[in-house]
Amino acid sequence: MKNSALQNELENLLGEKCSFSQSVRQNYSKGEDVYDPVIPDVVLFPETNEEISNILKICNNYKAPVVPFGTATSLEGSVLGIKNGISLSLEKMNKIIETNTEDFDCRVEAYVTREQLNENLKDKGLFFPIDPGANASIGGMTSTSASGTMAVKYGTMKNVVSGLTVILASGEIIKTGTRTKKTSAGYNLTNLFIGSEGTLGVISEIHLRLSPIPESIMSAACHFPNLESAVLTAQEIIQYGIPIARIEMLNKDQMEISTEYSGLKNLEVSPTLFFEFHGSELSNKEHIAVVENLSNNNGGSKFKWAESTEERNKLWKARHDVYYSVKSQKSNSRVYTTDVCVPISNLVECITFAENEIKKYGLKSPMVGHVGDGNFHTTIMYDPMSNKDYDLIRNFSDKLIEKALQLDGTITGEHGVGMHKKEYLKKQHADNIPVMKSIKKSLDPNNIMNPGKIFD
């Protein structure tokens with residue numbers, strides 16, 4: 001670290017919780033993104049809100065940039081390191097502070113992961129429904145407004161977060177929101193920080209709304225002759241008003257990879273929908289009958305049911321492991337993942353466009369989608385040493401973004417903007433960016449909080 005005075009103050013504050021080790025700094029230099037690591041000067045490991053507050057006071061005084069760091073599952077460069085900067089790891093803040101069973105809510109520290117929380121809740125008859133796939137931290141999920149496979153029924157982080165503890169760049173600690181079902185007390189600062197990707201402050205605690213574990217959970221897979229038929233089925237299910245918990249699409253390329261990687265021996269290599277129904281046994285049977293009829297009308301196969309909890313978990317683990325299954329196809333490769341979302345009535349057109357367009361580039365593109373809410377991803381493997389490969393994929397991504405915006409969609413449904421989608425944000429929200437910058441300037445006048453992310 002070039003600034004010895006800053007180094008001394010941080011060491012005096014944190015002692016052994018302040019690491020200048022090369023190997024440690026390397027580990028906190030990037031997420032699951034397409035960028036080369038940027039090694040920070042130091043990694044800090046605070047344990048309390050007060051320590052974070054004191055860190056930010058010091059960093060603000062020296063105008064030293066700070067990158068909040070969770071489980072590093074970001075796909076868009078949101079936690080990419082900054083030269084001459086500080087990586088602020090929240091991994092020591094992993095306590096479940098309180099659970100209010102009667103009110104279906106809890107408060108957790110930022111590094112509590114979704115799997116950790118659900119393990120703690122299962123004997124209380126409750127669960128946390130936001131399920132992005134990776135075992136991400138709740139703080140990271142809040143900072144990117146994550147969602148995932150169950151968003152079609154339970155919503156996104158914006159729907160389940162009722163309050164936050166945030167430490168601002170000045171070191172001021174604020175608490176937003178309330179435990180109540182509703183409030184009209186002033187500006188909605190909670191939702192301001194959800195999706196801000198660490199650019200406005202450090203989210204250290206999150207108050208969450210929980211859901212009761214359903215009486216009956218039933219999962220199945222259904223194969224289709226082509227991708228359009230599968231997506232059309234998903235669209236019709238939503239338009240019919242079926243309260244399905246999960247409806248996930250995997251195209252033929254992805255099914256070929258997933259059946260081998262995850263050992264799904266009883267499934268076919270063809271466009272497939274994974275379904276899950278939550279409710280009473282009676283309501284599930286009624287909804288399943290309607291979904292089976294809609295699927296059959298579009299050429300769908302007979303449903304293949306997960307007969308046990310173990311089989312159900314295996315099915316959904318295969319869906320969650322899509323990114324890693326693609327990455328495993330070739331050593332030293334990287335995966336470019338798109339993340340567009342469109343209104344459900346435009347989904348067939350957008351996914352069909354994506355599948356046809358990618359073929360023009362001669363690329364194999366596994367594709368998955370939270371098709372119940374209009375969100376889908378193409379996951380394209382490429383050689384990081386080849387600029388030609390990256391440019392080709394980026395050209396495809398540009399065209400897909402343009403198509404999504406033409407269809408009244410968005411450049412990102414759940415991954416956030418980070419470094420990777422800054423140019424796309426200008427296309428979607430050119431009129432919003434000056435307002436965003438004014439908010440940033442007000443809360444972080446010295447631009448120390450994760451600078452260069454979302455916009456320049």
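Which residues line the second largest cavity? I started my notes with that one, keeping in mind that this is a predicted model.

**Entry 1: the second largest cavity.** I found Tyr336, Thr337, Thr338, Asp339, Arg394, Ser397, Ile401, His420, Lys421 and Tyr424 around it. Strand S16 (334–337) and helix H15 (387–406) are the elements that give two or more residues to this lining. H15 has the largest share, with 3 residues. Sorted by class, I get 3 nonpolar, 4 polar and 3 charged residues. The space inside comes to about 40 Å³.

**Entry 2: the largest cavity.** I looked up how many cavities of 30 Å³ or more there are, and the count is 2. The largest has a volume of about 810 Å³. Its lining has 45 residues, and Thr73, Ser74, Leu75, Ala134 and Ala136 are the closest to the centre. Several elements each supply at least two lining residues, among them strand S3 (66–69), strand S10 (202–209) and helix H12 (309–320). Helix H5 (138–144) is on that list too, and H5 gives the largest share, 5 residues. I noted the classes as well: 19 nonpolar, 22 polar and 4 charged.

**Entry 3: a pair of helices.** Next I checked H9 (residues 227–239) against H14 (residues 347–360). Their axes come within 9 Å and cross at roughly 155 degrees. Angles over 145 degrees count as roughly antiparallel, so that is what H9 is to H14. The crossing is right-handed. On the H9 side I wrote down Leu227, Glu228, Val231, Leu232 and Gln235 as the contact residues, and on the H14 side Leu347, Val348, Ile351, Thr352 and Glu355. This contact has 6 nonpolar, 2 polar and 2 charged residues.

How values were computed
Residues numbered from 1 in each chain as written. Predicted model: local features only at pLDDT ≥ 70, side-chain atom pairs only at ≥ 80, totals over all residues. Heavy atoms only, no water. Axes fitted to C-alpha atoms, helices over the stretch in contact; angles between N-to-C directions. Helix = DSSP H or I, 4+ residues; strand = E, 2+ residues; numbered from the N terminus. Parallel < 35°, antiparallel > 145°, perpendicular 65-115°, else oblique. Left-handed = near helix turned anticlockwise from the far one by under 90°. Contact = heavy atoms within 4.5 Å. Nonpolar A, V, L, I, M, F, W, Y, C, P; charged D, E, K, R; others polar. 1 Å grid on protein atoms, 1.4 Å probe; cavity = no way out; pocket = protein on both sides within 12 Å on 5 of 7 lines; lining within 4 Å. Points joined across faces, edges and corners; volume = space filled by probe spheres on them.
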